[in-house]
Amino acid sequence: MSAIAIVGGGPRGISLVERLGAVLGASGEPAPGERLDLHLIDEHEPGAGDVWRTGQTRLLCMNTLAHAVTLFTEPGASVRGPVREGPTLYEWMLLVLDAAGRSLEPRAAAGLGDPLAAIPAAHRAPFEAHPPRLEPLEPFLAEMAATRPESNPSRALYGAYLGWVLDLVRAWLPERAHLHVHRARAAHVGEGGRVELHPAQPAAHRPHAPGDAAHTIAADAVVLTGGWLAHAPTPAEARLASAVRAAGGSVAGSPVAGGAAAGGSPAGDAMAGGVPAGGAPADGAPADGAPAGASLVEGALTGGSAIGDTAVRAPLRSEVSAPRAAPAPGAPLWVAPGNPLAQDLSGIAAGENVLVRGLGMGFFDALILLTAGRGGTFEEDPRRAGRLRYRASGREPHLVVASHRGYPYLPKSEYGGLPPAAHLPRARATAAELRARPAAERIEFDRELWPAIVRDAFEAHALTILASAGTGSPDAGTPEADSSSHGSPDAGTPEAGSSSHGFPGGGAPDAGSSSDASPDAGTGSAHADDRASDADTDTGPTGPTGPTGTAATADTAALTAASTAAAVTAALDAAPLEPAQSVEEQFARARTALTGLLDPADAFHPERYALPVAPDGAPLPDAAALTAWAAPRLAADLAAARAAAASPEKNGLWSFSAARRLATLLGSRDRFTAESRSGHLRTLQSLGQMVGSGPPAFRTRELLALIEAGVVELAGAHPRVEGPHAGDGFVLHTSTVRAPVRGRVLLDAWMHAPDLRFTADPLVGELLAAGRLRPYAHHAADGTAVDSRAPDVELSSNRAIRADGTPDPVLFLMGLPLEDVFGDTTISPMPGSDPSMLRETDRVARALAAAVG
């Protein structure tokens with residue numbers, strides 16, 4: 001008899017079970033008696049895990065579209081185990097509604113056709129063979145009925161899908177394999193594979209005590225399917241915690257508050273934050289970041305457009321962050337960095353100033369928990385199309401928010417589906433050439449790939465302008481067909497926001513082409529090539545020559561289009577971009593190259609999104625002045641999000657955003673020099689997050705409504721906190737406003753990136769201390785090894801590498817902690833994308849099958 005222990009029962013854990021079943025089944029049933037026990041271990045809900053647990057508030061939703069997430073492999077995928085198909089999340093919802101007897105006719109009336117007929121038979125078959133129990137899904141039926149393909153479902157609903165997938169995977173296992181689900185915490189992994197399980201614990205985790213194991217498993221292999229590892233306090237955080245306590249205050253959140261998150265947390269695209277160890281608070285989440293939540297607008301779920309005219313109200317848990325009894329006057333409170341759903345916000349009193357660091361996805365989660373989560377509601381503003389009004393409950397605090405850049409992550413474009421393929425012809429061609437080089441020849445990102453990305457982004461912007469003016473090429477503004485267009489980690493999370501924000505370079509905000517009429521409605525703006533085709537074709541006489549003149553004009557326009565597009569390409573190819581130049585200088589040179597081809601007023605200024613906010617280049621008097629400056633720009637961001645593919649700036653920014661995956665995968669497995677990772681690659685990742693990993697547009701609408709209601713103010717960039725001082729709390733200074741802001745509460749709405757070297761996870765920390773783990777090394781151009789944040793593993797199997805350089809006999813690792821090894825670890829699998837996560841679980845499943853025989 002053999003046994004495998006899988007620590008972490010979220011999406012990766014259950015995908016690994018599915019892939020194991022597929023691999024084992026492909027080899028045929030072994031001799032009778034050769035049994036394999038699979039132990040799935042998680043202290044949270046099996047299948048859903050912690051992030052996607054079904055009992056959480058519906059205010060929080062995915063940052064992925066309903067039709068853009070699956071947990072099944074597909075024909076054409078590069079997995080080596082058998083392909084086993086199944087429904088996407090959206091298809092599963094339709095099948096559940098049909099099984100529950102809910103009519104799908106409103107979808108046809110909404111122009112979605114016959115949704116069941118569109119589901120492939122191979123996707124329907126698993127559902128029909130193993131239908132879910134409908135009673136537990138009853139609370140989700142209203143949300144399912146309101147969900148469109150481009151909606152952002154609640155995290156809890158995704159958790160229900162994962163629970164069904166786990167049941168299906170169990171049924172799919174071959175006869176020899178037996179799945180055991182343990183609602184427990186893996187506290188110790190012995191050298192021989194003995195796993196100690198401790199009882200599941202509440203949110204305030206505690207380290208295990210020797211000898212208190214409730215159960216022991218003897219395993220031949222142990223897999224840690226890592227989620228977001230708890231991070232030990234930095235020296236600055238430790239000093240802050242001490243100062244808070246010395247002033248008679250308290251610290252909320254772990255591990256700074258005195259606990260440590262247990263090992264085996266599930267992985268997914270829902271987590272927030274992310275800065276290098278010891279760094280300043282980030283603007284928000286790495287890759288897809290923490291998902292924003294569904295909210296309520298006149299009873300309608302705004303995580304996606306409601307189908308038909310019936311408004312559907314999601315269950316509102318207004319107590320999710322309700323304030324406790326009034327705190328002691330002046331007693332400071334620091335809510336330390338962490339997952340927003342795990343942060344204890346109940347110590348924040350109604351009406352008080354809360355100083356917030358972070359304007360990324362963690363911020364948007366905390367924002368909705370402290371407003372709608374306390375009984376406030378959003379409603380359509382009848383005076384202004386596409387705008388909201390906020391009706392306060394009286395229990396909200398007053399939030400004063402700062403971040404590294406000082407401006408919120410931009411809202412996602414409303415394409416009405418997955419975004420178009422990004423315009424990256426040079427970058428893709430360059431990456432193909434670099435990929436073909438011997439692995440030992442490391443790549444200098446700043447010199448060899450970054451210039452191509454910059455040129456492509458500026459070209460995407462310029463060609464869209466030319467197309468909208470009727471002088472571009474027939475394909476201007478629309479990226480070329482690309483097999484990876486739906487495989488980008490940003491597919492379903494397109495870049496957004498194309499207004500000018502008054503960053504260095506100035507410029508007035510671009511109001512866009514239309515208002516943001518409905519949240520997440522996304523009917524899909526015409527692509528720029530369609531607009532250009534219409535503009536280039538007259539339907540009537542253009543002068544005395546009649547139709548003949550029309551044809552001549554069209555021929556001339558086509559020649560002009562080709563000539564102008566070619567001139568743009570040639571000018572950018574000749575732009576002198578050098579590795580030693582700053583990003584501002586490189587962008588300026590790309591703009592200069594296009595002089596004479598574009599109106600200067602249309603110039604592309606991506607540095608406005610890469611650099612800290614600086615209105616007019618000088619500090620403003622106070623947060624109120626900055627907020628008044630920012631509000632119309634947020635409105636312009638929303639209009640630009642509505643314009644989507646018709647926006648030149650969006651197409652340029654989308655190229656930067658989509659280039660992240662291309663660069664990450666090219667540089668994986670130590671291909672980039674260590675020097676490259678601290679240069680413009682960091683710029684690309686940061687800029688891509690800002691413009692491509694922001695919230696759904698309805699979240700920005702809510703933020704703007706809260707600003708207008710006086711609930712939120714923006715304080716600017718480069719936050720610096722003093723205190724706390726007894727009776728005076730914390731004092732927040734920024735580089736953007738002159739007047740400091742005071743508050744009793746400091747809320748860090750961000751998270752550290754996983755880092756093995758500074759982990760507070762007790763299980764991982766124990767393995768590291770025992771020499772069973774070591775950091776993965778990147779190498780400088782001269783061969784010098786530089787420790788990364790990730791644990792070291794065998795690249796072919798994900799088997800852990802010990803401190804002495806030997807493979808661990810039983811331990812395997814997967815998931816988010818391996819970002820610095822493999823890249824692209826943070827995104828949920830998307831259909832049509834050959835997802836990295838499913839390729840990883842397939843790779844590990846094959847290695848496990850070989851290990852246990």
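Trainee: Is R720 buried, exposed or partly exposed, and what is its relative accessibility?

Mentor: R720 counts as partly exposed, because its relative accessibility is 47%, where buried means under 20% relative accessible area, exposed means over 50%, and partly exposed lies in between, with a 1.4 Å probe and protein chains only. Keep in mind that this is a predicted model, in which local features need pLDDT of at least 70, side-chain atom pairs count only at pLDDT 80 or more, and totals for chains, interfaces and linings use all residues. Residues are numbered from 1 along each chain as its sequence is written, and side-chain values use heavy atoms, with hydrogens and water left out.

Trainee: Which residue forms a salt bridge with R720?

Mentor: R720 forms a salt bridge with E722, the closest N and O atoms being 3.4 Å apart; a salt bridge here is a side-chain nitrogen of Lys or Arg within 4 Å of a carboxyl oxygen of Asp or Glu. E722 is partly exposed, with a relative accessible area of 33%.

Trainee: How many salt bridges does a search of the whole structure find?

Mentor: The search finds 44 salt bridges. One of them joins the side chains of R744 and E352 at 2.7 Å, N to O. That pair links distant parts of the chain, 392 residues apart, with R744 in the loop between β19 and β20 (745-748) and E352 in the loop between β11 (333-335) and β12 (353-357). Helices (H or I, at least four residues) and strands (E, at least two) are DSSP runs, numbered from the N terminus.

Trainee: And are R744 and E352 buried or exposed?

Mentor: R744 is buried, and E352 is buried as well.

Trainee: Switching to sheets, what is the strand order in the open sheet of three strands?

Mentor: The order is β17-β18-β19, with antiparallel pairing, and two strands pair if DSSP finds at least two bridges between them. The edge strands, each pairing on one side only, are β17 (720-725) and β19 (741-743). Strand β18 (residues 729-733) pairs with β19 over three bridges, and V731 stands opposite R742 in β19.

Trainee: Which helix lies across β17 and β18?

Mentor: Helix α7 (residues 235-246) does, running at about 30 degrees to β17; axes are lines fitted to C-alpha atoms, for helices over the stretch in contact (heavy atoms within 4.5 Å), and angles run from 0 to 180 degrees between N-to-C directions.

Trainee: What about the open sheet of six strands, what order does it have?

Mentor: That sheet runs β3-β2-β1-β7-β24-β23, with mixed pairing. Within it, β7 (residues 221-226) and β24 (residues 807-815) run parallel and are joined by five bridges, and the bridge partner of T225 in β24 is M814. Helix α22 (residues 836-852) packs on the sheet, touching β1 (2-7), β2 (36-41), β7, β23 and β24, and its direction makes about 160 degrees with that of β24.

Trainee: Where does D824 lie?

Mentor: D824 lies in the loop between α21 (819-822) and α22, and D824 counts as buried because its relative accessibility is 12%. Its side chain has a polar contact of 3.0 Å with that of R661 and another of 2.5 Å with that of S836. A polar contact is a pair of N or O atoms within 3.5 Å; within protein, one must be able to donate a hydrogen and the other to accept it, and residues adjacent in sequence count only if both atoms are side-chain atoms.

Trainee: Last one, what pLDDT does the protein chain average?

Mentor: The average is 81, and 77% of the residues score at least 70, pLDDT being the predictor's confidence in each residue, from 0 to 100. Over residues 258-320 the pLDDT is below 50.
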